[in-house]
Amino acid sequence: MRRYIDEVEPLVLARSAGSSLFDVDGRRYLDASASWWVAVLGHGHPRLLRALREQSETMGHVALAGITHEPAAMLATELCAVAPRGLDHAFFTDDGSTAVECALKMALQFRYLHDDRRTRFVALEGAFHGDTLGCTSVGGVEVFRRPFADVVVDCVHVPVAPEGDDVGQARAMEVLVELVEKEGASIAAVIVEPLVQGAAGMRMVPPEYLRALAQACTKHDVLWIADEVFTGYGRTGTMWACEQAGVVPDMLCTAKGFSGGLLPMAATLVSDRIFDAFAQGERAFYYGHSFCGNPLGAAVAREVLAVFREERILESIQPKLRRIREAFDGFASLPGVKRTRSLGMIGALDLAESSSYLGKLGWRVYEAALARGAWLRPLGDTVYITPPLTISDAELDELLGIVHDSIRAVVR
Ligand SMILES: *Cc1c(COP(=O)(O)O)cnc(C)c1O
């Protein structure tokens, strides 16, 4: 904090529009990460702004308690219609962390209601699921977890194999399946970021892994949670990452792109089986928070879905994701680049053999990119782009050019 106060010159932003951020001096920066993965439709999308304006003039917020309203009710219906089949119920929360926290508590209360004292969780090494204490418990990024390690909920972290290491992948899959088989009776739920571990440095987890996980969980009656907070809403090239593995979780968390990055709003989707456990008698799910189903967030989230449908967002990104793949394949031969990877609207490269969150190389590229007109915040030694899905072809080319030039400027 001291260094931040004394030395760091923060960007002072005045405005954002489309894929660009503008500082108070009028300089423009391409938003390479879509503002930490939230602005999937870019900044200031006119349809989202209109939905927000109209809703704010009608009803800002009311407690969703013995009350319902069109924005929340219609959002639940429309969201479940595009969710993986079988996820027919939605619980609204405020952000990615509370969407995950809600899933964890729901898994615990689900077991409790069945007089079943399974209280452990299983997550992957390097996983990021948010910052509440529950999310910290399942988080597998060591630096984020260490200060709280004495008080967190019990969670077993299973290994993730490095990319391209097929033997390691097979072994990691075995470890997980064995754990579910042998310890299933003590596991409340397994949680996973499907296909990509975002905060870990855009580490790819193959679809076969997800399929093995789903199969083992179903076989041994262990619940599993897909945290699609980052991967959902087209980021991996399809609406949900789970689709690419052909699996359906017991619970799915969505946030970030869910409300177009305009307002904090999120949802936890669940199957009939989970819902039914809470549906009888006095069995409320004990999670009633002030802003549940917020009409402003709900109106915007509905409009995001409408834009996805009507502007054919998922079709429109296909040429762009090919462009990202080609460019990052090409970056592999740049001096200093150890490894590259891409999936959907994600391109990433490592500047160190074992990329760490506290690594400094990415930050030098960050400075170089800032001078060239892009906000390219790294994850330690990993440099990545996750631009708005609506980025134009010309802007995407410009961004890829800046990534290239910034790496050349820093690593020789
Ligand atoms: C960002 C993120 C979260 C937490 O979301 P917040 O909105 O920051 O609370 C949870 N899970 C994943 C996979 C994320 O990327």
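I looked up the lining of the largest cavity first: Phe128, His129, Gly130, Asp131, Cys135, Thr136, Gly139, Gly140, Val141, Phe144 and Arg145. Helix H6 (133–138) and helix H7 (142–145) are the elements that each give two or more residues to this lining; helices are DSSP runs (H or I, at least four residues), numbered from the N terminus. A cavity here is a set of points, on a 1 Å grid over the protein atoms alone, where a 1.4 Å probe fits but cannot get out, and lining residues have an atom within 4 Å of a point.

The model is predicted, with pLDDT of at least 70 needed for local features and 80 or more for side-chain atom pairs, while totals for chains, interfaces and linings use all residues. Residues are numbered from 1 along each chain, and side-chain values use heavy atoms, without hydrogens or water.

I noted about 60 Å³ for the largest cavity, as the space filled by probe spheres set on the grid points.

I then turned to the second largest cavity, at about 40 Å³. Its lining includes Leu124, Pro159, Gln169 and Tyr209.

Next I checked the ligand. The residues around it (a heavy atom within 4 Å) include Trp37, Phe128, His129, Gly130 and Glu193. A polar side-chain atom of Ser97 is 2.6 Å from a ligand oxygen, and one of Lys256 is 2.7 Å from a ligand oxygen. The side chain of Asp227 has an N or O atom 2.7 Å from a ligand nitrogen. Of the 390 Å² of accessible area that the ligand has on its own, the protein covers 83% (Shrake-Rupley method, 1.4 Å probe).

Conventions: A polar contact is a pair of N or O atoms within 3.5 Å; within protein, one must be able to donate a hydrogen and the other to accept it, and residues adjacent in sequence count only if both atoms are side-chain atoms. On a 1 Å grid over the protein atoms alone, a cavity is a set of points where a 1.4 Å probe fits but cannot get out, and a pocket is an open set with protein on both sides within 12 Å along at least five of seven lines; lining residues have an atom within 4 Å of a point.
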